[in-house]
Structures are given as C-alpha cells and as structure tokens.
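Okay, thanks for making the time, everyone.

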Amino acid sequence: MNPRGPELPPARGPLSAALLAYLRGTGPLPRPTDSGDPYGDDPQLALYLCYELHYRGFAGVPDEAEWDPDLLRLRAALEHRFLAALRADTPGHASLDDALGALLVEPAEGTGVTHFLCAEGELWQLREYAAQRSLYHLKEADPHAWVLPRLWGRAKAAMAAVEYDEFGGGRAERVHARLFADLMRDLGLDTAYGRHLDAAPAEMLAVVNLMSLFGLHRALRGALVGHFADVEITSSPGSRRLAEALRRTGAGAAAQFFYDEHVEADAVHEQVVRHEVIGGLLEEEPELAQDIAFGIDATEYLEDRLARRLLADWRAGRSSLRVPLAQPDALQQPSAT
C-alpha cells in the first residue's frame with residue numbers, strides 16, 4: 001500500500017463513486033458511459049483519479065494499481081470521450097503559425113482572470129486561485145518531462161534545458177513546485193500535495209487532465225509540445241499581473257516571488273520553446289505541426305472555460321470553490337457554492 005500519497009477524495013457521481021470503491025478494494029470497476037457531459041465533475045474526477053496513479057498515487061491504494069489492465073481500459077474509454085470532445089469543440093487555427101501568433105498578441109483591454117485579479121481582485125480570490133492552481137503547479141513540470149524520451153536532437157536538448165530550470169537547476173529549494181508551495185504558505189493555504197482536489201471544480205480538473213493526457217501518450221507528443229509552448233509563451237505577462245495583485249493585496253514575499261520569478265524565467269523560456277523545441281521537432285517531424293497547433297488551441301479552450309467559471313462566480317461575489325478553504329483568522333470569504 002502507498003502510505004504517503006494524498007487521501008482519496010469524495011465522489012462526484014456514480015462513475016467516480018464506483019471507481020473509488022474499486023481503488024479501496026470494496027467494489028467492481030464501473031462501466032463507462034457515453035452519456036452526460038464529458039467535461040462534467042463525475043467523468044473529470046474519474047479521469048483525474050486514473051491519472052494520479054502515474055504521479056504519487058493515493059494513500060491506501062496499492063502501487064500496482066498504476067498498471068492494472070482493467071483500470072487502464074477504463075482510463076482509455078474516459079480519455080477517448082475527453083479527447084473526442086476536445087477535437088470537436090476546440091476552435092482551431094488554420095496553421096501552427098496562426099496558433100502561435102495568437103499567443104504572442106496581448107490584447108489592449110484584457111478581460112481574463114489575471115487582468116481581473118490585478119485590477120480588482122481581493123485576497124480571498126487570490127487564495128482561491130492559488131488553491132485551484134495547486135493541482136497544476138505542484139506537478140507542472142512532471143507531465144512535460146514525459147515527452148523527453150519521445151524527442152531527439154534540438155527539440156530534446158532545448159526541452160531538457162527548460163525542464164532543468166523548472167526543476168530548480170539542481171537546487172531543491174528552487175524547484176518551481178516548491179516555490180509554489182511557498183506561495184501557498186504565505187497565503188495561509190495547506191500546501192499538502194492534492195489537498196485542494198475536492199475544492200476544485202470540473203473546469204480546473206479538465207485543465208490538469210489535459211496535460212496528463214498529452215504527456216502519457218507518445219502519439220500526442222506534438223500536442224504536449226503545443227501545451228508546453230502555450231504555458232511558456234503566456235506565462236510572463238500573466239505572472240507580472242499576478243505579482244502586482246499579490247503586492248497590492250499585501251500577500252507575503254514568497255507569494256510575490258513565485259510570479260516575479262516567472263516573469264523573467266518564462267520570457268527566456270518562450271524564445272527557447274518557440275525556436276528550439278518547436279523548431280527542432282518540426283525539423284525532424286514536420287507532419288506534427290497541426291498536432292502542436294491542436295495542443296495550443298485545446299489548452300486555450302480549457303483555460304477559457306475555467307476563466308469564465310471563476311469570473312462569473314467572483315463577479316457575483318461568491319466563491320468559485322466546491323468546498324470552502326480553511327481561513328486565517330483575519331480573512332473572510334464568501335461561502336462555497
């Protein structure tokens with residue numbers, strides 16, 4: 001049994017309930033269904049549970065579950081629905097150049113989450129944002145590292161160089177996941193890996209599941225590189241806005257440092273990813289151009305869905321979380337929905 005992984009979360013529907021029972025050894029695996037919303041809470045949690053077995057697993061779940069053939073068949077069915085929905089729903093660019101070009105243009109009047117938090121966000125909203133993004137940032141570089149054995153030449157060398165920075169350049173205290181945990185600590189959040197899974201809505205789970213989907217499949221290596229490019233190209237301006245929001249609301253120095261660090265680091269990473277990772281991959285496999293574009297476009301699609309959810313809740317004065325966060329004494333927050 002795994003004694004160190006996070007606790008299994010509560011179910012969000014019959015599919016995840018049956019899967020949780022199977023992981024606990026108390027029931028059979030569920031039969032996946034083609035009905036319902038593929039982006040909904042129940043299938044997204046079920047897929048997240050399957051994927052997490054390839055990261056740190058869960059407390060009380062045997063390590064052998066990672067390669068359980070029946071679990072892999074269930075995961076494949078869930079992935080098929082998720083990927084099919086993404087291919088059908090994602091607004092696609094005509095070419096990779098168009099997809100990259102769209103990322104490089106900062107709108108004069110931005111309306112996204114980081115613009116909102118920078119201009120008018122309150123500390124409780126920044127705490128909610130950090131709690132949700134912890135599902136992403138505490139593992140951010142890990143699924144991208146899965147692509148390394150699937151690259152070679154310029155693309156492999158450049159990808160490894162950027163990942164080396166993400167993993168702290170050989171210094172444990174500089175690992176970016178560790179820096180995000182420091183940010184969470186400054187915001188009075190529990191920093192335990194997976195602690196905020198139950199609070200995060202389906203839109204956040206889908207964002208995290210996307211990078212696991214791309215990372216675990218060699219056939220989707222181009223899409224994974226597209227996802228990576230999207231993250232690195234859009235990170236610097238968004239990080240600048242979040243650093244300003246944290247300073248304005250009086251968050252601690254470690255919270256500000258995480259985003260200040262990304263303003264500079266990701267500006268450099270953007271150039272390396274565009275010219276060396278993507279350029280090197282296309283030099284070897286030019287047929288992957290449209291897959292890279294799909295990775296960019298699917299990432300933007302799911303991030304936009306998450307942004308709409310967060311902004312709708314916050315502008316209505318309500319929490320974006322499924323369950324409330326533990327609050328420092330001085331901080332008040334609306335009840336979770």
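Let's start with handedness: α10 and α13 make a left-handed crossing, where left-handed means the near helix is turned anticlockwise from the far one by less than a right angle, and right-handed means clockwise. Before I go on, the caveats: this is a predicted model, with local features needing pLDDT of at least 70 and side-chain atom pairs counting only at pLDDT 80 or more, while totals for chains, interfaces and linings use all residues. Residues are numbered from 1 along each chain as its sequence is written, and side-chain values use heavy atoms, with hydrogens and water left out.

Also, when I say helix, I mean a DSSP run of H or I with at least four residues, strands being E runs of at least two, numbered from the N terminus. Two packed helices are described by the angle between their axes and the distance between the axes. The axes here are lines fitted to C-alpha atoms, for helices over the stretch in contact, and the angles run from 0 to 180 degrees between N-to-C directions.

Back to our pair, then. Helix α10 covers residues 202-216 and helix α13 covers residues 289-315; their axes come within 8 Å and cross at roughly 165 degrees. So α10 and α13 are roughly antiparallel to each other. The cut-offs are under 35 degrees for roughly parallel, over 145 for roughly antiparallel, 65 to 115 for roughly perpendicular, and oblique for the rest.

Who's touching whom? On the α10 side we've got Glu203, Met204, Ala206, Val207, Leu210 and Phe214, and they meet Phe294, Gly295, Ala298, Thr299, Leu302, Glu303, Arg305, Leu306 and Arg309 in α13. Contact, by the way, is heavy atoms within 4.5 Å. By class, that α10 and α13 contact has 9 nonpolar, 2 polar and 4 charged residues. For the classes, Ala, Val, Leu, Ile, Met, Phe, Trp, Tyr, Cys and Pro are nonpolar, Asp, Glu, Lys and Arg are charged, and the others, Gly among them, are polar.

Now the other neighbour of α10. Helix α11, residues 221-248, packs against α10 at about 140 degrees, with the axes 7 Å apart. That angle is why α10 and α11 come out as oblique to each other. The crossing is left-handed here too. Leu210, Met211, Phe214 and Gly215 of α10 make the contact with Ala223, Leu224 and His227 of α11. That's 5 nonpolar, 2 polar and no charged residues.

Let me zoom in on Met211, which sits in α10. Is Met211 buried or exposed? Its relative accessibility is 0%, so Met211 counts as buried; the cut-offs are under 20% relative accessible area for buried, over 50% for exposed, and partly exposed in between, with a 1.4 Å probe and protein chains only. Leaving out residues up to four places away in sequence, Met211 touches Tyr136, Lys139, Glu140, Pro143, Leu224 and His227. Take Leu224: 13 residues from Met211 in sequence, and 6.9 Å away, C-alpha to C-alpha.

Next, the core. The largest nonpolar core has 102 residues, and Leu117, Leu183, Phe214, Tyr259, Leu302 and Trp314 have the most contacts inside it. α13 gives the most to this core, 12 residues. A nonpolar core here is a set of buried Ala, Val, Leu, Ile, Met, Phe, Trp, Tyr and Cys residues joined through side-chain atoms within 4.5 Å. As for Trp314, if you skip residues up to four places away in sequence, among the residues in touch with Trp314 are Val113, Phe116, Leu117 and Trp124.

Over in helix α5, residues 113-120, we find Cys118. Cys118 counts as buried, because its relative accessibility is 18%.

Moving along to helix α1 (residues 14-24) and helix α2 (residues 41-52): the axes come within 7 Å and cross at roughly 25 degrees. So α1 is roughly parallel to α2. The contact has 10 nonpolar, 1 polar and 1 charged residues.

Last stop, Gly317, in the segment after α13. Gly317 is at 41% relative accessibility, so it counts as partly exposed. Okay, that's my tour; over to you.
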